[in-house]
Amino acid sequence: MAEIKMKTRPVGATAVIGRTGFPQITSATGGELAILTGPSQPGFNPLDLLYASLAGCLTISARLAASEMGVMDRISEITASVTGEKAKAGLSRVERFDITLTIKGEIDDETRKAIADRAEHEICTVSNTISGKPQFVTTLLQS
């Protein structure tokens, strides 16, 4: 049996913030992003990045599901819009994610639903992580 070799991508991010200003984020691959928190500033805040991660993952996962089902050639576009509602009591957290998944193309509603279900509940690492209870391991460094 042939061994399948998968390319892996470095993952992770580092945020740096000074005494003033906003965090600067650098990905493990060198991508950079400024975090903005002012209500009128265009850009991403940490919660936007959470929603963006879920939206991006769902579109990629839906495309993969459609390909595996043999219907990707009938789909022209997949869009995921994600917002949510923060908890009104207790810890600061998102208690509900509102996801709108649009799959444009010549497929029936049953196939569209199967793609969405597979993307959200089986393929998307972000939705699977959020719906689980991941472990947090924190190391504190002094410099």
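The structure is a predicted model, in which local features need pLDDT of at least 70 and side-chain atom pairs count only at pLDDT 80 or more, whereas totals for chains, interfaces and linings use all residues. Residues are numbered from 1 along each chain as its sequence is written, and side-chain values use heavy atoms, with hydrogens and water left out.

The chain contains 3 helices and 5 strands; helices (H or I, at least four residues) and strands (E, at least two) are DSSP runs, numbered from the N terminus. Along the sequence, these elements follow the pattern β-β-β-α-β-β-α-α. The chain is more spread out than a compact globule, because its radius of gyration is 18 Å, well over the 15 Å that the globule rule gives for 143 residues. Here the radius of gyration is taken over C-alpha atoms, and the globule rule is 2.2 Å times the number of residues to the power 0.38. Taken along the principal axes, the C-alpha atoms fill a box of roughly 55 × 45 × 30 Å.

Of the 143 residues, 19% count as buried. Buried means under 20% relative accessible area, exposed means over 50%, and partly exposed lies in between (1.4 Å probe, protein chains only). The accessible surface of the chain amounts to about 11,000 Å², and 55% of this belongs to carbon and sulfur atoms. Accessible areas come from the Shrake-Rupley method with a 1.4 Å probe; for residues, only the protein chains shown count as cover. Among contacts (heavy atoms within 4.5 Å) with a separation of 6 or more, 40% are made by residues 24 or more positions apart.

Helix α1 comprises residues 46-68. Its 23 residues should span 33 Å at 1.5 Å a residue, and the end C-alpha atoms are 33 Å apart, which agrees. The expected span is 1.5 Å times one less than the number of residues in the helix. At the N-terminal end, Asn-45 caps α1, with a side-chain oxygen 2.9 Å from the backbone nitrogen of Leu-47. Such a polar contact is a pair of N or O atoms within 3.5 Å; within protein, one must be able to donate a hydrogen and the other to accept it, and residues adjacent in sequence count only if both atoms are side-chain atoms. Just after α1, Gly-70 adopts a positive phi of about 75°.

The buried residues of α1 include Tyr-51, Leu-54, Cys-57, Leu-58 and Ala-65. Their cover includes β4 (75-86), β5 (94-105), α2 and α3. Ala-65 counts as buried because its relative accessible area is 0%. Leaving aside neighbours within four places in sequence, Ala-65 is in contact with Ile-115, Arg-118 and Ile-123. The C-alpha atoms of Ala-65 and Ala-116 are 8.2 Å apart, although the two residues are 51 residues apart in sequence.

Thr-125 belongs to helix α3 (residues 125-131) and counts as exposed because its relative accessibility is 54%. In contrast, Thr-111, in helix α2 (residues 109-123), counts as buried, at 16% relative accessibility. Not counting residues up to four places away in sequence, Thr-111 touches Met-69 and Val-71.

The structure holds 8 salt bridges, each defined as a side-chain nitrogen of Lys or Arg within 4 Å of a carboxyl oxygen of Asp or Glu. Side chains of opposite charge can pair when their charged atoms come close. In helix α2, Asp-109 and Arg-112 lie 3 residues apart, about one turn of the helix, and their side chains meet in a salt bridge (3.3 Å, N to O). Asp-109 is exposed at 61% relative accessibility, whereas Arg-112 is partly exposed at 21%. Arg-118 and Glu-122 also lie in α2, 4 residues apart. The closest N and O atoms of the Arg-118 and Glu-122 salt bridge are 2.6 Å apart. An α-helix has 3.6 residues a turn, so residues three or four places apart point the same way.

A further salt bridge joins the side chains of Arg-96 and Asp-98 (2.7 Å, N to O). Arg-96 is partly exposed, with a relative accessible area of 39%, and Asp-98 is partly exposed at 29% relative accessibility. Arg-96 and Asp-98 are linked with Glu-85 and Lys-88 in a network of salt bridges.
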